[in-house]
Structures are given as structure tokens and as C-alpha cells.
Amino acid sequence: MSTPPKPASRVSVSTFDDMKRDARPIVMITAYDAPTARMAEAAGVDSILVGDSLGMTVLGYDSTLPVTMTDMLRHTAAVSRVCTRALVVADMPFGSYQASSDDGVANAVRLIAEGGAAAVKLEGGAPVAPLVERLVSAGIPVMGHIGLTPQSVNAFGGYKVQGRDAEAALRLVHDALTLEAAGAFAVVLELVPAELAAMITEELAIPTIGIGAGTGCDGQVQVFHDVVGLGAFTPRHAHRFTDAGALITGALAQYAAAARSGEFPAEGNLTHLSEDVLAQIETALPLVAEED
Ligand code: KIV
């Protein structure tokens, strides 16, 4: 008798450490609902980020700033319900940790307890380190995020590459080291020059996950809609591996044409009454109509 295949074990924060040690690239992608999470898992990604990018990819906002805890909880729970292997990381939205670290702890607890995430991600360097420390001592794994942090888009004056001059680059190195010392298990480097990302990766014992930061990182993260062609445009740091938008539009156009021509629904899509029931209805119908 053949033994059943062993279920793939869940990816945990310590798997991230192992992967860095063994130089196995960590693959992370965003997902925001059950179908996208199922597809990401079926593709074998190591981690799913329920990013606040959902504000732009699925809610139609032009930034991540309006995303609320209610949004994040609903989408995180949808992803967590169907994930069996990937490490689910939930983004802490703008306003959920900026006012006080008590807010930050309470909201992170909700993303884990109600949303079912295994870890949270928050944006910022040294200034958020005290909050990272508190979360880690409360048993909540934290992923840092430095470089272009979209919640600070107004302070940056746009979605621009960060760390281009020596002073800014060294500040990012300091931020990364401070997050590591505070207990973060990994750090996202968004839109930083490739040489700088590689240097930070060398300096840190924890993994770096790059987006627009080159191949010198320990892993990559991308936005689901960018890589499958569901976004309004493809940013320079992304690659469109398929054009799902065109495929889906084509399928919907076929559906519309078939519904208009009467080709759909076909015989296999419907149910018939038995002759007996049909006869009973036909007999009773004039009486029912008369009563009405
Ligand atoms: O919200 C998000 O999708 C992110 C990634 C771009 C890292 O933070």
C-alpha cells in the first residue's frame, strides 16, 4: 500500500530564517480574497501579504491612505480562511498605529485574532521600533517595511525611489538594523537602489523582501494585480506574466453574446419539471389566476 503524500508543512517565521540561511529565495505575493489566495497557494508561494494596496487594486482608491481596519479585517479573514500553507501577513493600515503604540498593539491583536493572520507588517524605520518591540513581546511577529512606504506618500511627494544619496541610504541601513534589533522577523525594502538593498541584505541576519529593489534581497514581493495583468497599469518594478484582464474580458464578452443570442443557458444548465407536475400546474393555473 502506498503512503499518502505528506501535506506540505506551514511556512512560519522560522521558515523565513531557514530560507535566508540556506539562500533559498522567499516568494511573497499579495492576495485580498479567497480566490486570489487559493491561486497564490496553488502556485506554491511561501507567503501571502494582505496588503493595504487593496485600497488601490480592489477598492478603487488612488492611494492606500483611506484603507481602514474594517477593510483589512474582512480581507485578511477571507485569505486566512483558505490558506493552508503560506504564511499570511496582514498590513496595518494608515491610522491604525500612528497615534499611539497602544492603538498599534490593539489593532495588531485584532488582525491576528479576528483576521487569522500569522504576522503583521507595518511601515517605517527607527521611529516605529518601540512599537515593533511591544508587538514582538506580545507574541506577534512583525515584518518591517522601509524605503518607499506608501502611507507616507504625501511626505515623500510621490511614489519615488528612496535612498539615492549617501545620507538617505545610510538612514535606511540604520532603519533596517533598528527594526532587526527591535525583533522584526523580516523587512520589506520597497523602491530602493539595488546596490543599497544588497548591502542591507548583507548586514541583516533577518531576511529582506524586495519590491523594486533588485535581486540582492532574500526574497521578492509583488502585487497580485500587477503580475497577472489586472492592474490599470504595470509599474516599472513589476512584470506582467499574463494578461488575465484581457482573458477575463474575452470570457465576459462571450457570455454576453451567448446570453443575447439564446445560446446560453444550454440544455445542461437548466432543470425541467416532470410531465406529472407540469400537468398539475396547468390544471391549477386558471384557478390560481382567478383567485388573484
Ligand atoms: O500593500 C502592499 O501591497 C505592500 C507591498 C507593496 C509590499 O505593502
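I count a residue as near a molecule if one of its heavy atoms lies within 4 Å of it. I am working from a predicted model, in which local features need pLDDT of at least 70, side-chain atom pairs need 80 or more, and totals for chains, interfaces and linings use all residues. Residues are numbered from 1 along each chain as its sequence is written, and side-chain values use heavy atoms, without hydrogens or water.

**Ligand shell.** I listed the residues around the ligand: Thr30, Leu49, Gly51, Asp52, Ser53, Asp91, Lys121, His145, Glu190, Ile211, Val221 and Val223. I sorted this shell by class and got 4 nonpolar, 4 polar and 4 charged residues. Here Asp, Glu, Lys and Arg count as charged, Ala, Val, Leu, Ile, Met, Phe, Trp, Tyr, Cys and Pro as nonpolar, and the others, Gly among them, as polar.

**Polar contacts.** I looked for pairs of N or O atoms within 3.5 Å. Ser53 has a polar side-chain atom 2.5 Å from a ligand oxygen. For Lys121, a side-chain N or O atom is 2.9 Å from an oxygen atom of the ligand. For Asp91, the distance from a polar side-chain atom to a ligand oxygen is 3.1 Å. I then checked cover: the ligand has 250 Å² of accessible area on its own, and the protein covers 96% of that (Shrake-Rupley method, 1.4 Å probe).

**Cysteines.** I searched for disulfides, meaning cysteine sulfur pairs within 2.5 Å, and the count is 0. Cys83 counts as buried because its relative accessibility is 4%, and Cys217 is also buried, at 11%. Buried means under 20% relative accessible area, with a 1.4 Å probe and protein chains only.

Methods
Polar contact = N/O pair within 3.5 Å; in protein donor to acceptor, adjacent residues only side chain to side chain. Buried < 20%, exposed > 50% of the residue type's maximum accessible area, 1.4 Å probe, protein only.
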